[in-house]
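Dear colleague,

Please find below the structure that I am handing over to you, with its sequence.

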Amino acid sequence: MGHSHSHSHSEGHSHNHGQNVNKRALKLSFLIIASYMIIEVIGGIITNSLALLSDAGHMLSDATALGFSYLAMTFGERKATEFKTFGFKRFEVLAAFINGLTLIGISVYIFWEAYRRFSQPPEVMSTGMLTVAIIGLVVNILAAYILMKGDTSGNLNMKSAFLHVIGDLLGSVGAITAALLIMFFGWDLADPIASVLVAILIIVSAYRVTRESIHILMEGVPTHIKINDVQKTLTSIKNVVGVHDLHVWAISSDIPSLSCHILIEDARFSQAVLKDAKNLLHEKFDIEHTTIQIDTPEIQCDIKDH
C-alpha cells in the first residue's frame with residue numbers, strides 16, 4: 001500500500017508572487033475608485049442624473065468590492081491552523097460570492113429607479129453630467145488597466161473585482177451617450193434608458209461570478225477539468241487496474257485539488273505508479289495538490305471481509 005500527498009514548492013512560490021501583484025493592483029484600484037466615487041455622487045445629485053447616480057452606486061460597490069477583495073486576499077495568506085487545515089484561501093471565493101450578490105442588488109435598484117423615471121423624466125443638467133461621466137470613464141479605464149496586470153482570468157476574486165470596474169466603465173459610456181442625447185436632442189428619457197442598459201450588463205456579469213463562486217463552494221469540479229479525462233488518464237498508467245473514490249475540487253479558484261484510490265496489480269509497483277500519476281496530473285491538468293491512496297487486490301479483499 002502507498003500514499004502520496006504533494007504540493008509543488010515552485011508552484012507555491014509563483015502563486016505567492018501572483019498574490020503580491022494582485023494585492024498591489026487591488027489596493028491602487030481601490031484608492032482611485034473610492035476617491036472618484038465621492039465626486040460622482042456629488043455630480044449625480046447636482047445634475048439630477050440617474051445614469052451618474054447609478055454609476056456612482058456601482059462605484060460604491062466597486063470600492064467595497066475592491067477593498068473587501070484586498071482584505072480577503074490578505075486574510076487568505078494566513079497560515080493553516082488546527083481548525084482550518086486548508087488555511088484561509090477560500091475566503092477569496094466568499095468575497096467573490098458577496099461581490100456578485102452586491103452587484104445583483106444594485107442592478108435591481110437601478111431597474112426600479114429607472115422605471116419610476118420613465119413615467120416622469122426629470123430635467124437633467126447635461127453639460128455637468130457629460131463632464132463628470134468623461135472623467136469617470138478615464139478613471140475606470142485606469143483602474144481596469146491596473147487590475148489587468150493581475151490575474152483576472154484564473155483568480156475568481158480578481159475576476160469579480162475586474163468585472164465590477166468593467167461594469168463601471170460601461171456605466172460611464174452609457175452616461176456619456178445619454179448626456180449627449182439630452183444635450184443635442186433634449187431627450188431626457190436617454191438617462192433612465194442608459195441606466196437600464198448598464199444594469200443589464202452588470203447583472204449578467206454578477207450572475208457569472210456568483211455562479212462560479214457557488215460552484216467552488218459546493219466543491220464542484222473546476223470548469224477546465226473533465227473528470228472522465230482524469231479517470232482515463234489515471235487508468236492508462238502501467239500496472240493500474242482501476243481508479244475509484246476520485247474527487248476533484250478547488251480550494252480556491254486557482255488551486256485545484258484531487259484525491260483518489262488507485263488499484264494496482266502488485267504492491268511492488270506502488271511508488272512507480274504514484275510518480276507517474278503525479279506527473280500526469282501536473283502535465284495534463286495542472287493539478288499540484290494531490291492525495292493518492294494506492295490499493296492492491298489483497299487490501300481490497302481485507303476491506304470487504306471487514
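Leucine 258 stands opposite threonine 290, a residue of strand 4. This pair belongs to a model that is predicted, and the two strands concerned, strand 3 and strand 4, pair in the parallel sense over seven bridges. Strand 2 and strand 3 form a hairpin, with two residues between them. Serine 252 is found opposite isoleucine 255 of strand 3.

Overall composition

The protein contains nine helices and four strands. Read from the N terminus, its elements follow the order β-α-α-α-α-α-α-α-β-β-α-β-α. Of its 306 residues, 50% count as buried. Among contacts with a separation of 6 or more, 75% are between residues 24 or more positions apart.

Confidence

The average pLDDT of the protein is 81, and 89% of the residues score at least 70. Confidence is highest in helix 7 (residues 227-235), with a mean of 95, and lowest in strand 1 (residues 2-6), with a mean of 53. The pLDDT is below 50 over residues 7-14, a stretch that has four contacts in the model beyond near neighbours in sequence. Where pLDDT is low, the predicted coordinates should not be read in detail.

In soluble globular proteins, nonpolar side chains tend to be buried together. The largest nonpolar core here has 36 residues, of which Leu26, Ile33, Leu66, Met129 and Leu147 touch the most other members. Two or more residues are given to this core by each of helix 1 (9-47), helix 2 (50-76), helix 4 (126-148), helix 5 (156-185) and helix 6. Another core, of 20 residues, lies apart from it and includes Ile237, Val243, Ile262 and Ile264.

Which residues does leucine 26 contact, leaving aside its neighbours within four places in sequence? They are Leu66, Ser69, Tyr70, Met73, Leu147, Met158 and Ala161.

Threonine 210 is located in helix 6 (residues 190-217). Its relative accessibility is 8%, and it therefore counts as buried. When neighbours within four places in sequence are left aside, threonine 210 is in contact with Phe97, Gly100, Leu101 and Ile104.

Serine 126 lies in helix 4. Is serine 126 buried or exposed? Because its relative accessibility is 12%, serine 126 counts as buried. Its contacts, again leaving aside neighbours within four places in sequence, are with Ala179, Ile182 and Met183.

Packing of helix 7 and helix 8

Helix 7 and helix 8 pack with their axes 10 Å apart, at an angle of about 145°. The crossing of helix 7 past helix 8 is right-handed. Helix 7 contributes Asp229, Val230, Thr233 and Leu234 to the contact, while helix 8 contributes Ala277, Leu280, Leu281, Lys284 and Phe285.

Backbone angles

Most residues other than glycine have a negative phi, and most peptide bonds are trans. Asparagine 239 is not a glycine, yet it has a positive phi of about 75°. This asparagine 239 is placed in the loop between helix 7 and strand 2 (240-252). Aspartate 286, likewise a residue other than glycine, has a positive phi near 60°. Aspartate 286 is in the loop that lies between helix 8 (270-285) and strand 4 (289-295).

With kind regards

How values were computed: Residues are numbered from 1 along each chain as its sequence is written. This is a predicted model: local features need pLDDT of at least 70, side-chain atom pairs count only at pLDDT 80 or more; totals for chains, interfaces and linings use all residues. Side-chain values use heavy atoms; hydrogens and water are left out. Buried means under 20% relative accessible area, exposed over 50%, partly exposed in between (1.4 Å probe, protein chains only). Contact means heavy atoms within 4.5 Å. pLDDT is the predictor's confidence in each residue, from 0 to 100. A nonpolar core is a set of buried Ala, Val, Leu, Ile, Met, Phe, Trp, Tyr and Cys residues joined through side-chain atoms within 4.5 Å. Two strands pair if DSSP finds at least two bridges between them. Axes are lines fitted to C-alpha atoms, for helices over the stretch in contact, and angles run from 0 to 180 degrees between N-to-C directions. A crossing is left-handed if the near helix is turned anticlockwise from the far one by less than a right angle, and right-handed if clockwise.
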